[in-house]
Amino acid sequence: MKNYLYITIILFSNLIIGQSKNNQNESLHVNGFYHLQTAPGLSNELYDEIYEALNNNLDLLKKNNNLITLNSSSDLKYGWPLKQADGYNYINYWLIANYFDHDEVQYSVTDYNCGQKTFDYANDFDYDSGTAHGHRAVDIVPSPYPWKIMDDEQVEVVAAADGQIILITNGNKDDNCDFNNSDFWNAVYLKHNDGSTTWYGRLKSGTLTTKEVGDYVNKGEFLGHPGSGGKSFYPHLHFEVYDSQNNSVDPFAGPCNNQIDESLWESQPVYANDDTVVNALLTHSDPPNLQSCGQTEYNLSNEFLPGSTMYPAVYFRAVKSGQVLNMKIINPYGSVVSNLDYSFQQDYQSNYFYSSYTIPESAFLIGTWVFQANFLGNVYSINFEVKSSLSIKDIIDDVFFLSEINNSKLRIHSNSLISKAEIFDINGRLIKSKSFNNNDFEIGIHNLKSGIYLINIFNESSEVIKTLKFVKN
Ligand SMILES: [Zn+2]
């Protein structure tokens, strides 16, 4: 059972210490690991069932003169079977977890590129021939957050070529995290005019196309969303191809794929381990955590309070030893307040890298900040906001709880004693001052005009310990 599960665990083990020239608050020190397991695959029983259902449907379509017209001169190439849904703009939104296994020796694997990014099925050993079929497809994982992408339906599975739907299975469980599940998955199967068949497996239940068996789809047409149905560890698309003779075929051309001379892809992606590209830049309110099954909360945030710590993270398909990542944090005045170079010490796949930055407690730093990453000459950036706007949500941190009551009072709670609060308008004019000797108090704002204000909060020694911005509606 040794290779039943081929597990890829990517681990940043180095600890780095970054030092900023401009800001003592900064601490750049943390690394992460992104753990990516493969799916255990389909059982022979499931294959038998699928083949039988496909044959039945094909016979029926033929009988009714409804089957797609085959064109022997068709030189079909496949487009990529995933696309990003409208409204999302990850730099790259997928990575490849497993390829087709070309090695028929049990517990031995070879992908098209002579690497080992694939796996054998445990129960797939043929005692008569002494061969073992491995994974017969490519597993494409929505990235950087498979579960969240599944939940939010950020990525779509689309037809790789024009074709006819010859089988659909829907309504099966789609949120599995291990192989202790029923085999049944949700899938769409297409027949193309060159006689080939493409399978789109492990789809999210209830999201499949409303078209039916016999209907035609265009290349790029929506078929469903990636899910985690059947014996699956995480959401992905299992894309499987059969040629016109019904032979299982790997569409990737390479030195260890002797099935084809030329790629069946219009544009064959770079081999996963060499695909050293950034998938996404994200900012987090706590260190990112990608460990849990079904997890859809990743501490993602693009809004921070003065004094809070933010965690900028870069997600990759792969990196190679010696490649350098540069990360910068730029404040609203255009000053680079954090500048980190990190040289990777080994090769990684499906990895992420993050650091941390503590935003100074200053009302003057409220505004739009930039997190920028430079990797292999490509510069990526995303914005994040530093704000204290009560019109959006209450402000909560370790020390303070500042809430708005009916747009007429601010309630301030601190773990330590507060002596005074002063409210200023944006021109710096003192509008209101109130003294206390408490750690929980209210200040009226009902007679303030609509607009933006700053509130300074003083400790017992009459020092400003917090400045927050709020919006009076
Ligand atoms: Zn698969």
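Reader: How many bridges join S25 to strand S26?

Author: In this predicted model, local features need pLDDT of at least 70 and side-chain atom pairs count only at pLDDT 80 or more, while totals for chains, interfaces and linings use all residues. Residues are numbered from 1 along each chain as its sequence is written. Strands are DSSP runs of E with at least two residues, helices are runs of H or I with at least four, and both are numbered from the N terminus. S25 and strand S26 (residues 378-386) run antiparallel, and the number of bridges joining them is nine.

Reader: Which residue takes a positive phi in the hairpin of S25 and S26?

Author: Across this pair of strands, Ala 373 stands opposite Tyr 380 in S26. The hairpin has two residues between the strands, and the residue with a positive phi, near 55°, is Leu 376.

Reader: What is the bridge partner of Leu 325 in S25?

Author: Strand S20 (residues 324-330) pairs with strand S25 (residues 367-375) in the antiparallel sense over six bridges; two strands pair if DSSP finds at least two bridges between them. Within S25, Phe 371 stands opposite Ile 329. The bridge partner of Leu 325 is Phe 375.

Reader: Which residue of S13 stands opposite Val 157?

Author: Strand S8 (residues 155-158) and S13 run antiparallel and are joined by two bridges. Opposite Val 157 stands Gly 224.

Reader: How many residues of strand S4 are buried?

Author: A residue is buried if 20 or more other C-beta atoms, placed from the backbone, lie within 10 Å of its own, exposed if 12 or fewer, and partly exposed in between. Strand S4 (residues 94-98) is largely enclosed by the rest of the structure. Four bridges join S4 to the antiparallel strand S7 (residues 137-142), where the partner of Trp 94 is Pro 142. The buried residues of S4 number five of the five.

Reader: How far apart in space are Ala 421 and Ile 455?

Author: Ala 421 lies in strand S29 (residues 409-425) and is buried, with 22 other C-beta atoms within 10 Å. Leaving out residues up to four places away in sequence, Ala 421 touches several residues, including Lys 434, Ile 443 and Ile 455; contact means C-beta atoms, placed from the backbone, within 7 Å. Ala 421 and Ile 455 are 34 residues apart in sequence, and their C-alpha to C-alpha distance is 6.6 Å.

Reader: Over which residues does the pLDDT stay under 50?

Author: The protein averages a pLDDT of 82, where pLDDT is the predictor's confidence in each residue, from 0 to 100. One stretch under 50 has 86 contacts beyond four places in sequence, and another, below 50, has 17 contacts beyond near neighbours in sequence. In that order, the stretches are residues 1-37 and residues 390-398.

Conventions:
Two residues are in contact if their C-beta atoms, placed from the backbone, lie within 7 Å.
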